Amino acid sequence: MGYKVLIVEDSTASREFIAATIEQIEGAEVVCAGSGFDALKLLPRFRFDLIITDINMPDINGLELINFVKMNPNYRETPLIIVTGEGRQHDRERGIQLGASEFLIKPLQPDHLAQLVRRYLNLA
Amino acid sequence: MSSDRARPPAEFSSEAVETAEALGRNLLILEKCAADPDPEVLNSVFRQAHSLKGLAATFGQKRLAELAHAAEDLLDRFRLGKARVTPARLDLLLEAVELFQRLAEEPGSAVDEAQALAARLSSMDEGPERMGEDPLERLELAPQMRRVLTEFEEHRLRETLRRGELVWAARVEYPLETFDRELEQLKARLRGVGELVSTLPGPVGDRLDVLSFVLLVGSGAGEPGLRFAFGGVPVDLRPVPVRKERRAGAETEGAGRLEGAESGTVARTLRVDIARLDALMDDVGELRLIGEAIRGLSDARELSPRAWTAELLREHRRLVRRLDILQDRLLQARMVPLRLLFDRMQRLVRRMAREAGKEVVLETSGAEVQIDKRLVEELSDPLVHLVRNAIDHGIEPAGLREGRGKARAGRILLSAEQLGARVVLALTDDGGGVDWARVREVAIQRGLLDEERARAAGDRELQAVLFSPGFSTASAVSPMSGRGVGLDVVKTNIAGLSGVIDVESRPGEGTTFRVTLPVTLATVRGLLVGVSGRVYAVPLSSVLDVLAHDGEGTMENGRRVLSVRGRSISVVSLAETFGLPRRTEGGVYLVVVGVAERRLGLVVDALHGQRDLVTQALGPRLGQVPGISGAAEVGHHHTVLVLDVGALLDEVLRGPPLLVAEA
């Protein structure tokens, strides 16, 4: 049984890129959500050890997802990492205030991403 | 993942090309509404440029990423209201779309062009436009709501407030399994009513199978309109309070904006001609005089009890007569032409057609027909729903229409016609029509009809299925070209207005929804008459005289004619007209009714006094009975049929409209 990472990102290629990077980490398993709604449906089905989410998504935004996770006693402890485009400082700051642990700015550096994921999964 | 970044994998190319195509399509939609850009379109073009940038950066496509970045910046400024959408800017963005496609298919091509275009796009940037005071500061949003808003959502709320509209907070709960479909449906129903700005999910205790949502909706429609959109789901709906502006003079500015804005709703206030108000004042003056006279009677000790009673009854008659006049004038003052509603539909059709990417023309007729103001308001939401149905599901895309030999642009006809005390509104589209075979199938699937009955079901029964809740809400996917979603709610709303709705549809040719309503919701006074033991109501407004009936009269041109107060008028026995057994030979009373110059004497057996009636149109089956306009409840669940005097006159006096002859 590996550690489960939920990736929430509506751009397919971007999602696949993050997934491929994390899948190379031994002991990490990936579950992908193509939208905030998908994420809401997946949350009760698995126990996630880490959530990585985009902010700008069509149904619910990443901030709302973070808020939901932090308000829910079942998921509250799961660490969250935000992925945003550059220049979106407003959204990034709000994400951190809401309880996200880290933010990453696109374009993503695979090494940096992998390192961060290892740290949060205690695989360093 | 391949570490070779020179040649991007096929998945990159295909997603980039697809995204660029979608971006191009949306830019063209944006061009059509450049003056008043649709926030949903603005947001999607921005998001498409944004994903393109992220995608390109992820796959090391530096040139494409830079160009997308420049486009994204400009689109972000559009979106946040910091830059205006101009033709020059749109041209550059469309140029960028073409380059995106080339760069995505063949990396390394058009490098210089991309760089130059990115520079031109960036030079299109301008300093922040002056926004004035931030209206969002006045919105008393709970902090936990405020802090999850993205910059774009904050901008949308600002725009709502600037338009003078309200921000509503709605709390709903949906099962985990279906919440996404429920929210999609809600969003569709909200179109034209309001804008769903933010969807904040929350837990319900520690349950995993239910989610709660706090929705922020910007809307100029009133609470009933919004509740309608929620389609019967229990919802805690309240407006988010807005603090008053402190600046002097700010209020007048705000008010001016409200007037001018396309507020999207039919106003709740009513303009009344001063002459009408003067007449109402006169009536009130008259009532005061009657009041004085009655007070005077209390002191009139010199009168005998008998004279005193007669005096009191005389004043009472005066009072009742004056109240009738007053009621009549108030009813008249409430009447407004349907034009208000029709104009609103024109704007909506333009917007909805644009959103659906279809060409639709709305034609109207009968905009001058007058109807009770309250009915206009209440009618607005169901009508919006029907119009949306016609555009989303009825009218086919232009290409398909051409293939079927129809004009590219779909046509919707909205017409109104007054028939006696009723108004008939018809909404006809020339789209694909209802697939009745499919309705039959779905009805069986949903257990609304068993197989045998479904096979035997005629049009009427299938219609009923179409309007039943089980049919509408059970399917998110459109069963027969989408019709059925929410029609039960429309029907309930129309019924609440004492109206009926029916549908007629021919596959391939289109659909007509017909709504029949009373002209006014207010009560109408009626004279209750007995005919062969049954009770009918005659609208008092058309009763001219009531007399004892004597003599058979003479026959002229096949009609029975009687001389009444020096005029000879046609006489008809209601028992005969309605095919009832005659109880009293010749009847006892003659009720003379008239519309305009036409007169008719109705022979009845009994008079049961006057009543205030709220008439209801009859269901489609009874709607065809000639001479009956509707039914009315007269207490204790007794229902009487209300005579349609206009139709009776037509029926009996067929031929020349005037048959009155001076005796």
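In chain A of this predicted model, strand β3, residues 50-54, is joined to strand β4, residues 80-84, by four bridges, and the two strands run parallel. Within that pairing, I51(A) stands opposite L80(A) in β4(A).

Let me place this pair in its sheet. The sheet is open and has five strands in chain A, ordered β2-β1-β3-β4-β5, with parallel pairing. At the edges lie β2, residues 28-33, and β5, residues 102-105, of chain A, each of which pairs on one side only. On average, and ignoring direction, neighbouring strands of this sheet are turned by 20 degrees against each other.

Which helix packs on the sheet and touches β1, β3 and β4 of chain A? It is α3 of chain A, residues 62-71. The direction of α3(A) makes about 155 degrees with that of β3(A), and the β1 strand that α3(A) touches spans residues 3-8.

I turn now to chain B and a pair of helices. Helix α16, residues 436-445, and helix α18, residues 459-466, both of chain B, pack at an angle of about 65 degrees, and their axes are 10 Å apart. Is the crossing of α16(B) and α18(B) left-handed or right-handed? The crossing is left-handed.

As to the residues involved, α16(B) contributes W436(B), V439(B), R440(B) and A443(B) to the contact, while α18(B) contributes L462(B), V465(B) and L466(B).

How values were computed:
Residues numbered from 1 in each chain as written. Chains lettered and ligands numbered in written order. Predicted model: local features only at pLDDT ≥ 70, side-chain atom pairs only at ≥ 80, totals over all residues. Axes fitted to C-alpha atoms, helices over the stretch in contact; angles between N-to-C directions. Left-handed = near helix turned anticlockwise from the far one by under 90°. Contact = placed C-beta atoms within 7 Å. Pairing = 2+ DSSP bridges.
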